[in-house]
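Here is a note for a colleague who is opening this model for the first time.

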Amino acid sequence: ILMIPKGGGGPRKSSVPRHDPSIRFGLILRSRAFFLIVAGLILCNLFFSVQVTQFKLVLLEKGMDSTTGSLAIALYALGVLVGRFLCGIALDHFPTHLVAAIWLGLPGIGHLLLASPFATPTVMVVAVLLVGLSMGAEGDLFAYLAMKYFPLEVFSTIVGFFIGVTALAGASGSLLLSFMLKVDDSYSPFLVLCGTCAFLGSGVLMMLARVPSVPRAVESPA
């Protein structure tokens, strides 16, 4: 923090009045990007809470023994770290909407692999890694999407929305899983649903290609 150049954090002329929440929220709700991103996040994150609380149960149901299941969960954590690193590199070189669509769509492949009849231990480990890669990227994607499609003055509000939507999607997924387990005592239907929704969400995020980004003023060096 001490190395930040003097004047780098000086006051900026704001285009969005900070004292009027109605204007700020109106600006957000009039944005097409907001609804596309929210829809994409909901569709891609139905499995969110399950991967935190019941992932090992899913693997055990698919025939993986407890020891291998624990190893797979450890690889999931590794995938989270690697995913954050790789997503950061991708965001520096490729369009934000493309990276978001691919990274948040990765769990769709993982879920369908887990639900498939060919879920061998190797296939399940690959599926777990794919889900982990996506989990590690979400925080970075929230920030980049907020910066690209919304004014800087509503950055914190937008990121808060995205985090809240992700939590809501995870809670909805948990309720949906409870209902589906009562109907069919298996995780497979839920995995198929989550995989399909993740692909749909990825397609929705790709539609951001038609949404213009917010122009940024280029500041000349002092």
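**Notes on the model**

1. The protein chain has nine helices and zero strands, where helices (H or I, at least four residues) and strands (E, at least two) are DSSP runs numbered from the N terminus. Read along the sequence, the pattern is α-α-α-α-α-α-α-α-α. This is a predicted model, in which local features need pLDDT of at least 70 and side-chain atom pairs count only at pLDDT 80 or more, while totals for chains, interfaces and linings use all residues. Residues are numbered from 1 along each chain as its sequence is written, and side-chain values use heavy atoms, with hydrogens and water left out.

2. Of the 222 residues in the protein chain, 43% count as buried, a word that stands for under 20% relative accessible area, with exposed meaning over 50% and partly exposed lying in between (1.4 Å probe, protein chains only). Among contacts (heavy atoms within 4.5 Å) with a separation of 6 or more, residues 24 or more positions apart account for 78%.

3. Two packed helices are described by the angle between their axes and the distance between the axes. The axes used here are lines fitted to C-alpha atoms, for helices over the stretch in contact, and the angles run from 0 to 180 degrees between N-to-C directions. Angles under 35 degrees count as roughly parallel, over 145 as roughly antiparallel, 65 to 115 as roughly perpendicular and the rest as oblique. A crossing is left-handed if the near helix is turned anticlockwise from the far one by less than a right angle, and right-handed if clockwise.

4. Helix 2 (32-44) packs with helix 8 (residues 155-183) at an angle of about 30 degrees, and their axes are 9 Å apart. That angle makes helix 2 roughly parallel to helix 8. On the helix 2 side, F34, I37, V38, L41 and I42 take part, and they meet I158, F161, F162, V165, T166 and A169 of helix 8. By class, this contact of helix 2 with helix 8 has 10 nonpolar, one polar and no charged residues, where Ala, Val, Leu, Ile, Met, Phe, Trp, Tyr, Cys and Pro count as nonpolar, Asp, Glu, Lys and Arg as charged, and the others, Gly among them, as polar. The crossing of helix 2 and helix 8 is right-handed.

5. Helix 6 (residues 96-115) and helix 9 have axes 8 Å apart and pack at an angle of about 165 degrees, and helix 6 and helix 9 are therefore roughly antiparallel to each other. Helix 6 passes helix 9 in a left-handed crossing, and the residues of their contact divide into 16 nonpolar, seven polar and no charged. Within helix 6, I102 is partly exposed at a relative accessible area of 44%. Although I102 and S202 are 100 residues apart along the chain, their C-alpha atoms are separated by 6.6 Å.

6. Helix 8 also packs with helix 9, their axes coming within 9 Å and crossing at roughly 145 degrees, in a right-handed sense. Here G173, L176, L177 and M180 of helix 8 meet P189, F190 and L193 of helix 9, a contact with six nonpolar, one polar and no charged residues.

7. P189 lies in helix 9 (residues 188-206) and is partly exposed, with a relative accessible area of 29%. Apart from neighbours within four places in sequence, P189 is in contact with M180 and D184. From P189 to A115 the C-alpha distance is 7.5 Å, across 74 residues of sequence.

8. Which residues does N45 touch, not counting those up to four places away in sequence? They are E138, T166, A169 and G170. N45 lies in the loop between helix 2 and helix 3 (48-53) and counts as buried at 2% relative accessibility. The side chain of N45 reaches the backbone oxygen of L41 at 2.8 Å, a polar contact (a pair of N or O atoms within 3.5 Å; within protein, one must be able to donate a hydrogen and the other to accept it, and residues adjacent in sequence count only if both atoms are side-chain atoms).

9. S31 has its place in the loop between helix 1 (21-29) and helix 2, and counts as buried at 14% relative accessibility. A polar atom of the S31 side chain lies 3.3 Å from the backbone nitrogen of A33.
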